[in-house]
Amino acid sequence: MTNVVALRRTPKVEEPERISAIVVAGSGGAASTTTTYGLATALRLGSGADVAAIDGTSDGGNLLDRTAADPIDSARAIRQLGSRMAVSTAGVVVVGHGDTTDPALVDGLLSDRHLARFHDVGPALRSRRLGPLIEAGAGIVIVAPARSEPLSRMRDGLGWQMNTYGAEVLARTIVAISHQMPDTLLDLAPIRDALAPRTAGFVEVPFDAALTQPGRLDHRRLSPAALDAWTDALDALGQITTPHTDTDETAGELA
């Protein structure tokens, strides 16, 4: 299999190393892990930048198991992250779950190495441990499947964000709708019309059979359409300015 994967275009991100984003599930089974992987992979392939995908879930997800292809070179390893670092087939640095790791600390450690950071936090948007990242200006990618009930829960999550961090938080929130079946009977146009003007971006990630297969994810099997959708989300993240996270720090109604 060839290692070359053609992207339709380069992400519009002038300073990839400044990207810091949490990827949160609007409901269970929303594909936050594959979205984290996809965003990191699209940025790596499209820009050549150093990128990290981090398992920031509270109970430990399967990001490392699904994406790790090779051990990380000892020169690139970070002591505080121990043995839970690896590299994906596309060269993305993958950081596995740690029981006591502060997400802001991990973000700062990787920022110091000039890596873009994508944190898979699962459904834990309301967790206090994410507060420092959100308050520091991290982008928020909220993911939901293209089904009525999960979309309703996502709406509740967006409302909570506004009530907790102010309506301006929507200006750095990207909504990503994950199509987990080849066809959908749900009309997303009203949802897009309501959210697109009020958020940083609204993207639909089309069904990709490669993401549904068990075992390790390989970037060479991803569909161009899925990569293109993740690139659309990266374009929106590229407009969000995220300040450096200091490793010395302790860690309204919708229409």
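Residues are classed here as buried under 20% relative accessible area, as exposed over 50%, and as partly exposed in between (1.4 Å probe, protein chains only). The structure is a predicted model, in which local features need pLDDT of at least 70 and side-chain atom pairs count only at pLDDT 80 or more, while totals for chains, interfaces and linings use all residues. Residues are numbered from 1 along each chain as its sequence is written, and side-chain values use heavy atoms, with hydrogens and water left out.

Helices (H or I, at least four residues) and strands (E, at least two) are DSSP runs, numbered from the N terminus, and two strands are taken to pair if DSSP finds at least two bridges between them. Nine strands form an open sheet with mixed pairing, in the order β3-β4-β5-β2-β6-β1-β7-β8-β9. Its edges are β3 (70–71) and β9, each of which pairs on one side only. In general, strands of a sheet pair through backbone hydrogen bonds, either parallel or antiparallel.

Strand β6 sits between β2 and β1 in this order. With β1, β6 pairs in the parallel sense over five bridges, and Phe118 of β6 is the bridge partner of Ala21. The pairing of β2 with β6 is also parallel and has five bridges; here Val51 stands opposite Ala116 of β6. Strand β6 is mostly covered, as seven of its seven residues are buried. Both of its faces take part: Ala116, Phe118, Asp120 and Gly122 are buried on one side, and Arg117, His119 and Val121 on the other.

The packing of side chains can be followed through the nonpolar cores, each a set of buried Ala, Val, Leu, Ile, Met, Phe, Trp, Tyr and Cys residues joined through side-chain atoms within 4.5 Å. The largest has 35 residues, and those with the most contacts inside it are Leu39, Phe118, Val141, Trp230, Leu234 and Leu237. Two or more residues come from each of β1 (20–25), α1 (32–47), β2 (51–55), β6 (116–122), β7 (139–145), β8 (173–178), β9 (201–205) and α8 (224–237). Among these elements, α8 gives the most, with eight residues. A second, separate core has 24 residues, including Leu125, Ile140, Leu188 and Phe202.

Helix α8 also deserves a look of its own. Eleven of its 14 residues are buried, so that the helix is mostly covered. Among the buried residues are Trp230, Leu234 and Leu237, along with Asp228, Thr231 and Asp235. The expected span of a helix is 1.5 Å times one less than its number of residues; for the 14 residues of α8 this gives 20 Å, and the end C-alpha atoms are 20 Å apart, in agreement.

Turning to charged side chains, the structure holds six salt bridges, defined by a side-chain nitrogen of Lys or Arg within 4 Å of a carboxyl oxygen of Asp or Glu. One of them joins Asp107 to Arg117 at 3.2 Å, N to O. This pair links distant parts of the chain, with Asp107 in helix α3 (residues 103–112) and Arg117 in strand β6, ten residues apart; both residues are buried. Another salt bridge, between Glu149 and Arg153, has an N to O distance of 2.6 Å. Both residues lie in helix α5 (residues 148–165), four residues apart, or about one turn of the helix. Arg153 counts as partly exposed, at 43% relative accessibility. In the salt bridge of Arg220 with Asp218, the closest N and O atoms are 2.7 Å apart. Arg220 is partly exposed at 26% relative accessibility, whereas Asp218 is buried, with a relative accessible area of 11%.

Finally, a search of the whole structure finds one aromatic pair. Rings of Phe, Tyr and Trp (its six-membered ring) pair if their centres lie within 6.5 Å; planes under 30 degrees apart count as stacked, over 60 as edge-to-face and the rest as tilted. The ring centres of Trp160 and Tyr165 are 6.0 Å apart and their planes are at 80°, so the pair is edge-to-face. Trp160 counts as partly exposed at 22% relative accessibility, and Tyr165 as buried at 18%.
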